[in-house]
Amino acid sequence: MLAGEGNSTNIIYHAINSKFSVHTVILEKKESKKNFLRRRVRKLGLLNVLGQILFQIIIVRILRGSAVKRIKSVIAENQLNVSAISESRVIRVNSINDNAVVELLQKIEPDVIIVNGTRIISKKILNSTSALFINSHTGITPKYRGVHGGYWALAKGDKSNCGVTVHLVDAGVDTGSVLYQDIIDVTNKDNFITYPYLQTAKIRLILLQAIEDALLNKINRVEVKGQSKIWYHPTIWQYLYYRVFRNVK
């Protein structure tokens, strides 16, 4: 696995390991906030990034507090294992695109590499091994590429596309061939913080099927047509607009 730290990675690791045995988990450190914000300002502009920061500081903190009970319920209902991954399986790197990762992949010679919650993987890494890279994405691609695909589908009144995708990884942003997709069921108890738990619970099931297909050399690419768009973190004013006018939490 190539992954970022967090409950999503823990859940997916334990689900895969229970059936296939994960050899190694290469965990990357989070990018420094300074570098992240500088890059995001260049791409989205200062006003949008300021709105995103205010959303994180004010709204996310409030939502986290109200989501504690619901998160525990989702974890229990779906029997999700959020416990930390054994350090004996973990190798930590500054970035998933470090040269050290190339050396690790060439040494391990994996058949399948599962990607979860990393920054964009460089061509250098993708070309370093013949293994299939399979990504777990919390959104329906290509319509909801980027981040928070479930939230944006609801905000745009597109509940039928509030779901998850398992796809092959290429050099683009969530543009690889789709293998499986599924929809999540959202209740009035859910909000921005709980959607990812519902998505991770759903995605682990289709991810297991995709891994089995890959190991049997029976990969089935699904042709998906339609709009393709990258989504980013909501700003505070976007969130408040959709909360007031569409009751999307």
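Asp174 is found in the loop that runs between strand β7 (163-168) and strand β8 (178-183), where helices (H or I, at least four residues) and strands (E, at least two) are DSSP runs numbered from the N terminus. The structure is a predicted model, in which local features need pLDDT of at least 70 and side-chain atom pairs count only at pLDDT 80 or more, while totals for chains, interfaces and linings use all residues. Residues are numbered from 1 along each chain as its sequence is written, and side-chain values use heavy atoms, with hydrogens and water left out.

The phi angle of Asp174 is near 60°, a positive value in a residue other than glycine, and Asp174 is buried, with a relative accessible area of 14% (buried means under 20% relative accessible area, exposed over 50%, and partly exposed in between, with a 1.4 Å probe and protein chains only). A positive phi, near 55°, is also found at Gln79, again a residue other than glycine. Gln79 belongs to the loop between α3 (46-77) and β3 (90-93) and, at 73% relative accessibility, counts as exposed. A further backbone feature is the cis peptide bond between Thr141 and Pro142, with omega about 0°; Pro142 is placed in the loop between β5 (132-137) and β6 (145-146).

Thr9, which lies in helix α1 (residues 7-17), is buried at a relative accessible area of 3%. The side chain of Thr9 reaches the backbone oxygen of Gly4 at 2.6 Å, a polar contact being a pair of N or O atoms within 3.5 Å, of which, within protein, one must be able to donate a hydrogen and the other to accept it, and residues adjacent in sequence count only if both atoms are side-chain atoms. When residues up to four places away in sequence are not counted, Thr9 touches Met1, Ala3, Gly4, Leu27, Ile85 and Asn116, contact meaning heavy atoms within 4.5 Å.

For the chain as a whole, eight helices and nine strands are present, and 46% of the 249 residues count as buried. Among contacts between residues at least 6 apart in sequence, 72% join residues at least 24 apart. The radius of gyration of the chain is 18 Å, which agrees with the value near 18 Å for a compact globule of 249 residues; this radius is taken over C-alpha atoms, and the globule rule is 2.2 Å times the number of residues to the power 0.38. Along its principal axes, the C-alpha trace spans about 50 × 40 × 40 Å.
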